[in-house]
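Me: Got a structure to go through with you. Can we keep it quick?

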Amino acid sequence: MMSQELNDQITRIGPGTGAGKVLRQYWQPAALSDELMGARPVVPVTLLGEALVLFRDEGGTLGLIGRHCPHRGADLAYGRLEDNGLRCPFHGWHFDCTGQCVEQPGEPEGSRMHKQIKAVSYPVRELNGIIWAYMGEGDPPPFADFDCFRAPDTHVFAFKGLWECNWLQAMEVGIDPAHASFLHRFLQDEDPADSYGKQFRDKAGNTEIPMTKLLRDYPRPEIMVDETDYGMKLTALRHLDDGRTHVRVTNQIFPQAICIPMSREMTITQWHVPVDDETCYWYSMFTSFNAPVDKATMRDQRLAEHRLPDYAPLKNARNNYGYDPDEQADQTYTGMGLDINVHDQWAVESMGRIQDRRFEHLGKTDVGIIKYRRMLRAAIKAVEEGDASGLKMQNGGTEAIKGPLSNDAIAPDEDWQAASLAADLERRGHCPWDASV
């Protein structure tokens, strides 16, 4: 349980807020590259509570500038994409990719006023299917050498989805290893061979046990949390009846991402990005260690569950998330279909737009959530005191951070740490791109 003041501190992200200042110190996903693939590569973006417009000029340069024209506030998302910039249809004011006004065609001949006019703008970078924005002060930090960034484009698939809740509760479901045994419980096991691109449909470790069965049969994991240079590592141990141990390693990448195993060959690195205080997008990068990603299949799977252009899920609170009591009786724990994203969506949206943590009671399995909130509060305090040097991945050496290890393994003996590391090194050793750590 916590006070309303503290809950506001760690959830609200507008300019000047504690958590907002921390998030602005890091690169944030702003859009999918796919969103700029049309004939007119212009898309409105609301990010961390700020209204922006993202565009690609004729030369291929990206710009992310304030959505409302500095003249009279007209919406630049409807601007004319021409002359290597964006031109406001209201009076023709023209802005380049840095937000600089370069022309005011209605002003008197020879006017130099445009040199004093600049829209809000932020640095952007495109990487493996996502366009990233840096909204903080000073120079942008380097990207860590995570697998999802260093893998070639052929081995990474990016997608996103809209959730109608605060970013923090969306992220926290990913650092809660215990929930998978319940929220994602399947009462019938699919054939893993027919489940490409779906989480929890693989076999556990190097066994013939479906992950769905293992999670269902062993619902009380032993959870350990270790702080790391990128955030924290969560290890969930499920001790099997035959004396072996199932080891599942997941990660929290500070400030608002997770990295989890999707299968033995693929991981998911997922950011939970605030649109505003009450809405967020999840951005996922699916990274393959073996064969190139079948992007067409994975895109079709997810577009079957989402609408365009806003990537909102088709199942939502307005249609009860597709809830079917007959399905709940004998197929899934939730009765909400086989897409685990819908399960997570229901869990975090049903808490309310911003979870009221004054009434929550955390248990022992919430150790990751407890530790993360302490890390976030410490980061907020450091930024407020003007010392951001202690923030994760903000004090040099970021490019040397690799991985992180994120997998499922079966330990044949009590040395589960060695078994998990060996399983990770084995797949990296057979990887066609440089995945060495």
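This is a predicted model: local features need pLDDT of at least 70, side-chain atom pairs count only at pLDDT 80 or more; totals for chains, interfaces and linings use all residues.

Me: Fine. Start with strands 2 and 3. In which sense do they pair?
Reply: Antiparallel, over 6 bridges. Strand 2 covers residues 42-47 and strand 3 covers residues 50-56. Valine 43 has leucine 54 in strand 3 as its bridge partner.

Me: How many residues sit between strand 2 and strand 3 in the hairpin?
Reply: There are 2 residues between them. Leucine 48 is in the turn, with a positive phi of about 50°.

Me: And what is the strand order in that sheet?
Reply: The order is 2-3-4, in an open sheet of 3 strands with antiparallel pairing. Strand 2 and strand 4 (62-66) are at the edges. Each has a single partner strand, so one side of each has no neighbour in the sheet. Neighbouring strands are turned by 30° against each other on average, direction ignored.

Me: How many bridges join strand 3 to strand 4?
Reply: 5 bridges, and the two strands run antiparallel. Leucine 54 has leucine 64 as its bridge partner in strand 4. Leucine 54 is also the bridge partner of valine 43.

Me: How many bridges between strand 9 and strand 10?
Reply: 4 bridges, antiparallel. Strand 10 covers residues 130-133. Arginine 125 has tryptophan 132 as its bridge partner there.

Me: Switching to packing. How many residues are in the largest nonpolar core?
Reply: It has 90 residues. Those with the most contacts inside it are Leu47, Trp132, Phe146, Phe149, Trp167, Trp271 and Tyr372. Helix 9 (residues 367-384) gives the largest share, 7 residues.

Me: What does the second core include?
Reply: That separate core has 15 residues, including Val42, Leu76, Trp93 and Ile117.

Me: Now rings. How many aromatic pairs does the count come to?
Reply: 18 pairs. Take tyrosine 26 and phenylalanine 254: the ring centres are 6.0 Å apart and the planes are at 70°. Planes over 60 degrees apart count as edge-to-face, so this pair is edge-to-face.

Me: Where do tyrosine 26 and phenylalanine 254 lie?
Reply: Tyrosine 26 lies in the loop between helix 2 (18-23) and strand 1. Phenylalanine 254 lies in the loop between strand 15 (245-253) and strand 16 (257-261). So the pair ties together parts that are 228 residues apart in sequence.

Me: Are tyrosine 26 and phenylalanine 254 buried or exposed?
Reply: Both are buried.

Me: What about the rings of tryptophan 132 and phenylalanine 149: how are they arranged?
Reply: Their centres are 5.5 Å apart and their planes are at 80°, so the pair is edge-to-face. Tryptophan 132 is in strand 10 and phenylalanine 149 is in helix 3 (residues 147-150), so the pair ties together parts 17 residues apart in sequence. Both residues are buried.

Me: Which residues make up the aromatic cluster with Trp132?
Reply: The cluster is formed by Trp27, Trp132, Tyr134, Phe143, Phe146, Phe149, Tyr230 and Trp271.

Me: Helix 10 next. Why does its length make sense?
Reply: Helix 10 (residues 416-429) has 14 residues, which at 1.5 Å a residue should span 20 Å. Its end C-alpha atoms are 20 Å apart, so the two agree.

Me: Which of its residues are buried?
Reply: In helix 10, Trp416, Ala419, Ser420, Asp424, Arg427 and Arg428.

Me: And histidine 430, buried or exposed?
Reply: Exposed, because its relative accessibility is 63%. Histidine 430 lies in the segment after helix 10.

Me: Last one. Is histidine 179 buried or exposed?
Reply: Buried, with a relative accessible area of 17%. Histidine 179 lies in the loop between helix 4 (167-172) and helix 5 (211-217). Beyond neighbours within four places in sequence, histidine 179 contacts Val173, His184 and Asp344.

Technical notes:
Residues are numbered from 1 along each chain as its sequence is written. Side-chain values use heavy atoms; hydrogens and water are left out. Two strands pair if DSSP finds at least two bridges between them. The expected span of a helix is 1.5 Å times one less than its number of residues. Buried means under 20% relative accessible area, exposed over 50%, partly exposed in between (1.4 Å probe, protein chains only). A nonpolar core is a set of buried Ala, Val, Leu, Ile, Met, Phe, Trp, Tyr and Cys residues joined through side-chain atoms within 4.5 Å. Rings of Phe, Tyr and Trp (its six-membered ring) pair if their centres lie within 6.5 Å; planes under 30 degrees apart count as stacked, over 60 as edge-to-face and the rest as tilted. Axes are lines fitted to C-alpha atoms, for helices over the stretch in contact, and angles run from 0 to 180 degrees between N-to-C directions. Contact means heavy atoms within 4.5 Å.
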